[in-house]
Amino acid sequence: MVSMVHSERTHCNAECAHCGQPLPWASDEQSDRSPCKPDEPLYCCRGCAGAARIIRGLGLESFYSILASEQAQARRPVGDERSFDALPSLAVRDEGSDRWRANFHISGLRCYACSWLVENVVRRRFAHLHAEVNLTMGCLTLGGSGESTVVAQVASDLYHLGYELSDPALASGTGRRSLEERRDEVVRLGVAWFCSLNIMVLALGEYLAPDLQHDPVMLGVFHGLSGALGTVVLGYSSWPILRRAWAALRSRTVSVDLPIAVALLAAYGYSMAGIMLWRSEWIYLDSLTGAIALLLSGRWLQSAFLDRATQAMDDALMLREGPVRRLSPEPGWVDPSGLLPGHIFEVGPGEIVPVDCAVESQSGEMSLAALRGEFETQAVVRGDDVPSGAINGGRPMVARTIRRSRDSGIARTRSLAARCSLGRGVITTLTEKWARAFTWGVPAMAIGVLSWGIGHDPAEAMHRALALVLVACPCALGMAAPLIFSRGAALGLARGFVVRSQRVLESAARVRLVVFDKTGTMTRGRSVVREVRGVGRSASDERALALARALAETSHHHASRAVVEYLERKPQTSRLVRLEDVREEFGSGIHARCEGSEVFLGKVSDAAHGTVLSVDGQPLLAFDLDDEILPGTAAVMNEIRQLGVEVFVLSGDHPERTADIARRVGLEGGAEGGVSPLGKLRRIMTMAKRAGAHRLGGVWMVGNGLNDLAALARADLGIAAVSAPPSVRLTSDVLLLREGLEGVAELIRLARCAQWRLRGAIGIAAFYNVLGIMAAALGYLSPWVAAILMPLSSMGVVSWSTGWSVGPAQVQVGPQLKTGRGVERRWKSSLSYSR
Amino acid sequence: MEVFFVLFPLSFGLALLALGAFVFAVRRGQYDDLDNQAARVVWDGLEEQKISEK
């Protein structure tokens, strides 16, 4: 019986009767219940089964025969198909065996549940594969034997679940550390703790047994062991610090590792001398190694935070621009850089045109919102030129390459942006100033103390110099800034934005002016119906609305989609309307005949921005289209201004529309429209220069399109909105992760809190250091006390730098910092320098 | 006091063994993913399915 069923199943067409996908989930239960018969279809899931039931129930089985016909196959949208054929080549084979392993970067992981899902999906679907998810690093390791082509199938399955696999080499563009480096750091840390704790045990033994001093053999063993362990800590665990300090010395740059290295080496040398010369009171190995262990712990914490933030940045950046479907000469998926002039390719709906090209399809709809700021799509016909960066607003379109991607518009804008970011002013961060002071000041003082003492009392001079160097050790400075940044970056992530570097957060607190782009940043970037007006009759006439909806549903045009979206909310408009002879005229509208009358939905004149429904030439309804402002924008603008920062709007869209949008968010007169990408760049440069000259602080730019690229690079801080393409995200300093501009206000508050924390850390460190240096120089501080203070101050720094958050109460920090202008002053007049 | 000549090498040897085990664990990647390992204990359904059972 079992074998019969088995052979029947192998003759079956094992595909879902509704969607046509192969049936991977056919469990034994299903085959028992419905053995394969031609008239009993099998479905892959409840969704398909339910849909099929509805279709058959309504008597629409002809759907399936239409689906099977050649025409339907040819016009399938490009949509969701992604090719992962490049991934199997990443598999590394073990020598001499059939087994291979492959490591991928996986995006979309949120928590343990995602890891569990991914691992289970792979193991159940591909029983012979081994899968392991590393949540910390965001990577997936697959292992198996035989052919590695199954990797492409795994990637495709996971893609449909929402997890994207990619080459790890591509994802590490932002400087993530490799697995080797991480492991090295953990080993060094572990060794440091191991040695320092053992040294402390030895030292404790020495303190507790006073007669040990009279037993030279035992004492020698204790000291010798301590010395050996101490050497391991200094030579191995703190080797990176010493190496960086040496590199800084050779290249004459500032590095906070230099004074730290000097302190460590001085204390080590002194202690080793004490061991050799049998001067027990010179030995500080326990405090020294304890301090090193704590210092390394702090840095490890910092790297862990940073790696997590970098992973989120990688996901947010979505560095891949995605492969393109080439149709000729060789059909297949290629990287955009592989499109040469003359190649024919296809762009799906909603996708970005990768290269400068000419239209090959009969017609198409292109949106130049990313390039110019106008959100309406433009009709194009065969032969028209389309620039790279345009977005396909309609059906799949075929195009012929004119210029390669590196010569296309996108690439030129990118290189312009790269040049602009070099012209940005260099703001010396606070940490850098202090690091410089420490690097030169402290050794100078130590040498001063030594030279004073050489004449009088060399031993005492050595003591005081050592104590000075130890107490002035800027471990605090070295740790505070990175830890504060890590904490700030984590807080920022939770609030919906990614800060790309420590430098960015430090300079962010000085913002004075934020310039916003309009289309796609403050608005949704697509048409929305604002209101419907009745011409000669009421605007709620159901028949007219139903007619308009029926006409609009036949077209992909952005105006039609807006009308459909608007009318979908009115259920009474979904009645059946019989239309005949439907013709769509690009650039004009939709003509049809309904119950004997000529009906039309579209643009009546060039001047009007709206869409009109007319019957037999008589206008009945007028739909006012507009670009919808993101909810909460007005509130955000207000909040930013209450924080003492000014706001301005720059847009490439028509001046009247820009002014209208500005008025609606409460920025009367503070906007300028019709600005070209180059114009935006010039404006930003002027504003930044004047702000810098008056020491007023930074100018930010918030944008989402390729027309903002240069301005974003040139501004003191560039913020990319969530809808920005990868090239814009790559050149920005901050990325917004959510729709809406609340992140900008949050960033201001976060930056000010972080700044306050940093100043606090530096202030406390300065106070402690000045006091300590004076005490040491005057002989009130013995080296062993100084050595104990080192780890204690480190612990204090770690808790200060990580134990903070951004609360509403912090807003009052604003007036305490020098803002230069009162908050109540009307922003309009203070922008005189921008004209 | 002579017992120290046994105690010292013994304890030192044990300590080095512990250190060696730590380095071994890190190099083999056991400390790479500290987030997931905590949860793995309570996951079910991850038994390796042998091909013959299918």
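Trainee: What is the accessible surface of chain B, and which share of it belongs to carbon and sulfur atoms?

Mentor: The model is predicted, and every value quoted here is computed from it. For chain B the accessible surface is about 4200 Å², with 67% belonging to carbon and sulfur atoms. Chain B consists of 54 residues, 22% of them buried, and its secondary structure comprises two helices and zero strands.

Trainee: How many helices and strands are there in chain A, and what is its accessible surface?

Mentor: Chain A holds 30 helices and 27 strands. Its accessible surface comes to about 39500 Å², and carbon and sulfur atoms hold 57% of that area. Of its 835 residues, 50% are buried. As for contacts in chain A with a separation of 6 or more, 69% join residues 24 or more positions apart.

Trainee: Let us turn to strands. Why is strand 4 of chain A described as largely enclosed by the rest of the structure?

Mentor: The description rests on accessibility, and a residue is buried when its relative accessible area is under 20%. Strand 4 spans residues 139-145 of chain A, and six of its seven residues are buried, so the strand is largely enclosed by the rest of the structure.

Trainee: Which strands pair with strand 4 of chain A?

Mentor: Strand 2 (residues 99-107) pairs with strand 4 in the antiparallel sense over seven bridges; within this pairing, A:Trp100 has A:Gly144 as its bridge partner. Strand 3 (residues 130-134) also runs antiparallel to strand 4, with five bridges, and here A:His130 stands opposite A:Gly143. Strands 3 and 4 form a hairpin with four residues between them, and A:Gly138 in the turn has a positive phi of about 65 degrees.

Trainee: Which backbone angles deserve attention here?

Mentor: Most residues other than glycine have a negative phi, and most peptide bonds are trans. In the turn between strands 19 and 20, A:Glu595 has a positive phi of about 50 degrees. A:Glu595 is exposed, with a relative accessible area of 66%. A:Asp581 has a positive phi of about 60 degrees although it is not a glycine; this residue lies in strand 18 and is partly exposed at 47% relative accessibility. A cis peptide bond joins A:Ser328 and A:Pro329, with omega about 10 degrees. A:Pro329 lies in the loop between strand 6 (324-328) and strand 7 (332-334) of chain A.

Trainee: How many disulfides does the structure hold over all chains?

Mentor: A disulfide is a covalent bond between the sulfur atoms of two cysteines. The structure holds zero disulfides over all chains. Among the cysteines, A:Cys357 is buried at 1% relative accessibility, and A:Cys753 is buried with a relative accessible area of 4%.

Trainee: Where is A:Gln755 placed, and is the residue buried or exposed?

Mentor: A:Gln755 lies in helix 27 (residues 742-777) of chain A. The residue counts as buried because its relative accessibility is 8%. Leaving aside neighbours within four places in sequence, A:Gln755 is in contact with A:Glu506 and A:Ala509.

Conventions
Residues are numbered from 1 along each chain as its sequence is written. Chains are lettered from A and ligands numbered from 1 in the order in which they are written. This is a predicted model: local features need pLDDT of at least 70, side-chain atom pairs count only at pLDDT 80 or more; totals for chains, interfaces and linings use all residues. Side-chain values use heavy atoms; hydrogens and water are left out. Buried means under 20% relative accessible area, exposed over 50%, partly exposed in between (1.4 Å probe, protein chains only). Contact means heavy atoms within 4.5 Å. Accessible areas come from the Shrake-Rupley method with a 1.4 Å probe; for residues, only the protein chains shown count as cover. Two strands pair if DSSP finds at least two bridges between them. A disulfide is a pair of cysteine sulfur atoms within 2.5 Å.
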